[in-house]
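I start with the display, then go on to my notes.

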Amino acid sequence: MRIFVKFWGVRGSIPTPGPSTRRYGGNTSCYEIRIGDILIICDAGTGIRPLGLDLLKRSPNAIEGHMFLSHAHWDHIQGFPFFLPAYEESTKLFVYGLSTGDDRPHDLLSGQMQTDYFPVSFRDLGGQVIPSYLENFQGQIGDIKVRALEQIHPGASHAYSFEHDERRVVYMTDNEIDQALPEIKEDDELRPVPPQMVDFVQGADLLIADGQYTEDEYLKKVGWGHARATTVTDLAIAGNVKRLAITHHDPMQSDQEVDAKIAVCRERVKKLGANVEVFGAREGLEIRIG
Amino acid sequence: MIPDDPKSHALPEEPTEEFLPDEPTEVADLTVGRTVEPLAPAPPIEPCKLEQIRGPGAPKTFVIRSEDVIIGRSSTADIQIECADLSRHHMRLKIIDGVHHCEDKDSKNGLYLNGVRAHSATLIDGDLIQLGEVLLIFRAGR
């Protein structure tokens, strides 16, 4: 069965509409993964609003989705109150915690709809938003195997792997891999990225990963929770990933600057003699696997 | 009963006139007491285009006037490009809510958007679409 992945929001930190970000887009994190009839939504940044509108247009039947949040920083949840399918009585949305009883993702989604933050109460959503659980960072949705991994980010964040029929998509955002390196330097050798992350992405058909910063940008933002695009590239190389979609583009980066960031990563792949296909995640782009 | 004649309610016909100023005239701006130039008339709507810059028949420009167009090798495609690399129906170009989208029609050689293999994508002006040997530039029109 084919896997379809669509990028609905690829911007990091804050929405950045405007002419300089028109090509890659300004909506914050949201990704749609479709495997057969199963809909998986990764993160609920502002990109979830156009996803919701599209789902309502294309779904003749009730919408059922499985939602995984990398974490609850604003740019990963702020679109949820504008996700129109959640207002439809027929909608069922399963929001996953990492282990049994972990209601935190569900509670954070509902918490941001308290009156202090938003005029419509979570209770007024017509649809069912159902807390659901992985078992100790692992689970199954139909024939899809789901795994989670703790990452390096202030307040913690998690990556997710979705595997079906020997095809695999990994979503890994807000992960400051550079913090795990013995030193931060520009170099032409493969960086010693953490082995547990290499295992997690090993052989993935598509790795969607946060590569927010260029080398220079990162030096001013160490500890802010995001990786250098070049370090993410090294992770993809070390893990024999087939395609790497670099995402969570910095809000200060124009389309041309994202192009330049990606060009540096492609050059690095060549220098290191690898053959990972690297591209910049772009709003509205849909990838087919298989 | 005599059926109501809608014409009986109509106001007497007056000659109509299209307002198409052929040269700007000065108009008083009452807010500041100065005169300003009136707004220029809106430019005419231009349809989107695909400029073929590589492959058989290039250079060539296809003007897209329909909201749903199939591009391929077949004579049944809306835009036929006779190139062995193309599938019979290779790509669909459609407008949804005023936004242009391209979609791979399960072609053999795939659809590449700015060098990235894609199943579908929203398009913006200047995007490069590669279908086998054929290279097209998307021009959004206005």
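How many bridges join E4(A) to strand E5 of chain A? I note first that I am reading a predicted model. I find four bridges between E4(A) and E5(A), residues 92-97. The two strands run parallel. I looked up a facing pair here: Met67(A) stands opposite Val95(A) in E5(A).

Next entry: the other partner. I see that E4(A) also pairs with strand E3 of chain A, residues 38-42. This pairing is parallel and has three bridges. I checked a residue pair again, and Cys42(A) stands opposite Phe68(A) in E4(A).

Next entry: the link. I followed E3(A), helix H1 (residues 48-58) and E4(A), and they make a β-α-β unit. I write down its hand as right-handed.

Is E4(A) mostly covered or mostly uncovered? I find it mostly covered. The strand spans residues 64-68, and four of its five residues are buried. A residue counts as buried if 20 or more other C-beta atoms lie within 10 Å of its own.

Last entry: the whole chain. I count six helices and 14 strands in chain A. Its radius of gyration is 18 Å, close to the 19 Å from the globule rule for 290 residues, so chain A is as compact as a globular protein of that length. Along the principal axes, the C-alpha atoms fill a box of roughly 55 × 40 × 35 Å. I note that buried residues make up 50% of the 290 in chain A. I also looked up contacts with a separation of 6 or more: 69% of them join residues 24 or more positions apart.

Technical notes: Residues numbered from 1 in each chain as written. Chains lettered and ligands numbered in written order. Predicted model: local features only at pLDDT ≥ 70, side-chain atom pairs only at ≥ 80, totals over all residues. Rg over C-alpha atoms; globule rule 2.2 N^0.38 Å. Buried ≥ 20, exposed ≤ 12 C-beta atoms within 10 Å, placed from the backbone. Contact = placed C-beta atoms within 7 Å. Pairing = 2+ DSSP bridges. Right-handed = clockwise from strand over helix to strand, strands pointing away.
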